[in-house]
Amino acid sequence: MKKSVLLLIPCLLLVSCNKTPELEYKVYEVKTFQPYFKQVEGGNDDRWPLPEGFDNYNKLLEGAGNYLKDNISTITYSKISKDEILTSDMFKDFGPNQIILFEGHGSFSKWDEYDVECHSVMWTGKDVMYVDKDDDDHQNQRLVIADNWNDAITSNFVDYYCGDLTGSLIYLGNCYSGRDVTFAQSFLNKGAAAVVGNSHTTQALYNSCVEYTTIKYLGIINPETNKTYTLYEALQKAKEIYGKNDKEHEPVAHGSEPFIFGNPNFCLSEFKK
């Protein structure tokens with residue numbers, strides 16, 4: 001009888017060693033502007049509960065800037081403007097790779113002083129009862145007088161005073177800031193990567209919560225991509241929490257919705273090569 005022979009064949013167990021690619025964060029500078037800081041305020045509300053840690057929604061814009069600064073080492077928070085009139089010097093100081101966040105008032109349509117349609121405008125925080133004939137900004141419709149004699153910035157103001165905005169994100173947290181593309185396009189023409197604007201008259205609490213949440217998620221890792229959330233993904237997260245528009249939780253609201261103009265894939269991180 002032949003003896004059976006047991007052959008032992010060595011087997012190599014292969015273990016997957018895939019690693020999540022290392023992230024590299026981009027360098028950005030945050031600036032926030034609230035010309036109506038004391039006027040726009042309020043506590044908690046069942047319609048749009050304030051994010052944890054806040055007792056007043058006029059603190060959310062600064063909170064968004066601080067969140068990015070505290071969680072991403074390449075981000076600085078260089079400008080906090082509260083109850084200051086928006087000026088040409090502020091706009092001249094805008095530059096590449098900045099995150100510029102506004103919260104305040106705005107409007108859309110034609111203005112009684114010139115009877116011309118200026119599209120979306122941003123109120124500066126300054127009341128103007130009359131215009132000097134030698135006032136160059138008003139004569140060239142860079143500034144117009146809006147409702148209730150409020151001085152307001154037009155797209156011409158951005159065209160004239162802003163320099164290179166390459167790679168920057170602009171969030172226009174004002175009513176009507178995204179009613180059409182004209183105002184947003186003035187920033188994009190200067191090289192801004194993306195602009196967020198509101199489609200209509202906007203509930204202040206809704207705007208503040210959505211703006212804060214969108215900016216915060218830009219600094220959070222998306223588990224599905226292993227990168228920080230893109231602007232589109234971050235805005236969608238905010239809308240999931242607070243509603244696609246302000247009418248979902250407030251029937252008398254106009255249904256204002258924030259929209260992205262420019263690159264929806266704006267992101268604060270990228271994989272190292």
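1. F91 counts as buried, at 0% relative accessibility; buried means under 20% relative accessible area, exposed over 50%, partly exposed in between (1.4 Å probe, protein chains only). F157 is also buried, with a relative accessible area of 2%.

2. The model is predicted: local features need pLDDT of at least 70, side-chain atom pairs count only at pLDDT 80 or more, and totals for chains, interfaces and linings use all residues. Residues are numbered from 1 along each chain as its sequence is written, and side-chain values use heavy atoms, with hydrogens and water left out.

3. The whole structure holds 14 aromatic pairs. Rings of Phe, Tyr and Trp (its six-membered ring) pair if their centres lie within 6.5 Å; planes under 30 degrees apart count as stacked, over 60 as edge-to-face and the rest as tilted. F54 and Y212 make an edge-to-face pair, 5.1 Å centre to centre with 70° between the planes. F54 lies in the loop between strand 2 (28–34) and helix 1 and Y212 in helix 6, so this pair ties together parts 158 residues apart in sequence. Helices (H or I, at least four residues) and strands (E, at least two) are DSSP runs, numbered from the N terminus.

4. Y212 is buried, at 6% relative accessible area. In helix 6 (residues 204–217), 12 of the 14 residues are buried, so the helix is largely enclosed by the rest of the structure.

5. The ring centres of F91 and F157 are 5.1 Å apart and the planes lie at 85°, so this pair is edge-to-face. Ring pairs link F33, F91, F94, F102, F157, Y160 and Y161 into a cluster.

Terms used. The expected span of a helix is 1.5 Å times one less than its number of residues.
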